[in-house]
Amino acid sequence: MSGSRRLVLFLGVPILALGVLAVVVMNQDGATTTPGSGGTATTRLDPSRLEAISALNDLENSLALTPIRVEVSESSFSLLPAAIGFDLDENATLDTALADRSVDAILEDLRRREDDSGAGLPWSISGTIDETALNGLLDLYESALVSPDEGGIDIRGSGPVARYPRAGFVIDRAVARNRIVEALLGQPRADAVRLPTVEVQPVLPRAAVDAALQEASVLLAGPVTLTRTDPAATLHLDVNQLGRALTTEVVMDPTPGLRVAFDRDVINEYLNPLRTGFEAPPRNAYILIDDQETITYVPGFSGALLDVDLVIRAITQATRRESRQSTLPLQTGVEPEISAEDLAAMGPLSMISEFTTKHNCCQPRVQNIHLFADVMDNVNVLPGETLSLNETVGERTLERGFLPAPTIIRGEIEDQVGGGVSQFASTFYNAVFWAGLEVIDHKPHSYYFSRYPMGIEATVSWPVPDLVFRNDTDAPLVIKTSYTRTSITVRFYGNNADREVTATVSEPYDPVPYPTEYVPNPEVMPWDPPMEVQQGADGWSVDVTRDITFTDGTTSHEEWKVRYRPWALQFEVHPCQLPEDAEDFTGDPCPPSPEFPDGYPTTLPIDPNAEVPVEEGETEEGEAVGGEAVEGEAGEEPTT
């Protein structure tokens, strides 16, 4: 199991030392390869071994899902072996069993155990567990014990009280681990396992807590006020606030004791209301590229900060004074982390990718796209930094100028503030893609739109889905955007060391025919011609690959599958004409007409090949709906 240490379990398997080890490797087809003399090997198909391995797989499932009772002091717990990553080593177990019996005998042993799990097996088994997961369970079991305590200072009301050291009990981890291993692999398996505990004595003497109590009493003797006049600011902390921030820490040097202090996170929380009008954070230098591609390194500037450690020091000083007042410290002249010289030293920049997509003019979505582009223009991404499109642009709101535009929410088209910006996302994604940068997160559209490259596109909405990439080059990256009334362009300036990017998109496969849907509209009369409101289009899949060749000769290969859903052919009809399987079907008769005084007859299903009028403003050609595709699914952003 990756990311965790694993404990290898061998119960009853002798350790082979300084001997000749016969190696047997089982291939995926059940064949065994035995190394022979002179470096040659012979291979034969061994169906019986494959059958035994399959039976051991069944044994593993049975063992992993059969809990063991674990007893700790007066408490009892149920341990599920699967929860600690129990994994039977089938090949090692089979090789051990084959030392003194045949495969047929082993299969018979396994069948007998399956009939009576209490019978166990006449040979040992081996496997692994996740030791990190086991320790996590032992932590849980240990919580049932009276734990040892080195003491400390508690706050009751507004005053400090001593909590003196006490002895306690912990689980003997080494012995407990071995007993659990024996219980997991024992044949027959034990019904319960008792974990031993040991008593732990505290290190600190009571006098150390008494000294800490005296210090805490001084710190909490009254409120503290820190002030300054340039700029004017006041931090006033009452006794309850000081008590909430009080912490104690066991120290051993030079002698065992308790250090009493104030918690940085809590004090920082108290400072936050002052920061907006009080601080002037330093600003890093940045790179600016104008429309003529002139590169300017804009210097940063120093700032002033409320340093938490300096404030804690001032609070402590104030507690030693009769007035319990001191100066609120402001750290000035804080230099930025990145200077213009630092940026220039990272090497020359040039355009490493460019991508443009087209759109129709003058729709609400176009303003949303332009606002996206304005926010992203001249954004700098330093080497190693990650950029999230959603985090950088932020939530799309009316106050920021974003307009409602069609969005597909759970399959239904709805106006959503900031809709339609997936066009920017696809343009931006292609710039990332062809620059050979690392893509961390992206989601293709659920439906195909011809203005984007098939398979190489992305959608965004707030707060998900998102588009995230990392600048995995050694140079800064500058994002440059521009637009016209009918297009959006994204350019990346940086230095990717001339990475070579190649990509392939397969021919569409696995077609899914489009369905026909009927949308109820009481304003459409049954005797009127049916109104097509959305053209149908089949769905399909494509496979996409991207290969990057780096200047040092190394390469990377990525591949993924993009599945496009079919567009339903939709007709608006009177509700009385809905088919019985329609969601809104009521069974109501159609209204009468001069020709049919007893009610107009239902004429569905409509022939999808028949010529029908299309609503004004739409087209029967081009993209899916009205010439501008409806874009997205489950939060993706459409255009209409």
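**Exercise 1. Which residue stands opposite T225 in strand 21?**

Solution. The structure is a predicted model, in which local features need pLDDT of at least 70 and side-chain atom pairs count only at pLDDT 80 or more, while totals for chains, interfaces and linings use all residues. Residues are numbered from 1 along each chain as its sequence is written, and side-chain values use heavy atoms, with hydrogens and water left out.

Step 1. Helices (H or I, at least four residues) and strands (E, at least two) are DSSP runs, numbered from the N terminus. Two strands pair if DSSP finds at least two bridges between them.

Step 2. Strand 14 (residues 224–229) pairs with strand 21 in the parallel sense, over 3 bridges.

Step 3. The residue opposite T225 is Q325.

**Exercise 2. Determine the strand order of this open sheet and its edge strands**.

Solution. Step 1. The 3 strands follow the order 15-14-21, with mixed pairing.

Step 2. Strand 15 (232–237) and strand 21 (325–327) are the edge strands, as each pairs on one side only.

**Exercise 3. Identify the buried residues of helix 11 and examine the ring pair formed by F372**.

Solution. Step 1. Helix 11 (residues 364–376) has 13 residues and reaches 19 Å from its first C-alpha to its last, close to the 18 Å expected at 1.5 Å a residue; the expected span is 1.5 Å times one less than the number of residues.

Step 2. Buried means under 20% relative accessible area, exposed over 50%, and partly exposed in between (1.4 Å probe, protein chains only). The buried residues of helix 11 are R365, V366, N368, I369, H370, L371, F372, A373 and M376.

Step 3. Rings of Phe, Tyr and Trp (its six-membered ring) pair if their centres lie within 6.5 Å; planes under 30 degrees apart count as stacked, over 60 as edge-to-face and the rest as tilted. By this rule there are 17 aromatic pairs. One of them joins F372 and F402 edge-to-face, at 6.4 Å centre to centre and 80 degrees between the planes.

Step 4. F372 belongs to helix 11 and F402 to the loop between helix 12 (389–393) and strand 26 (404–409), so the pair ties together parts 30 residues apart in sequence. F372 is buried at 0% relative accessible area, and F402 is likewise buried, at 1%.

**Exercise 4. How is the pair of Y448 and Y564 described?**

Solution. Step 1. The pair is edge-to-face, with 5.5 Å centre to centre and 65 degrees between the planes.

Step 2. Y448 counts as partly exposed at 23% relative accessibility, whereas Y564 is buried at 1%.
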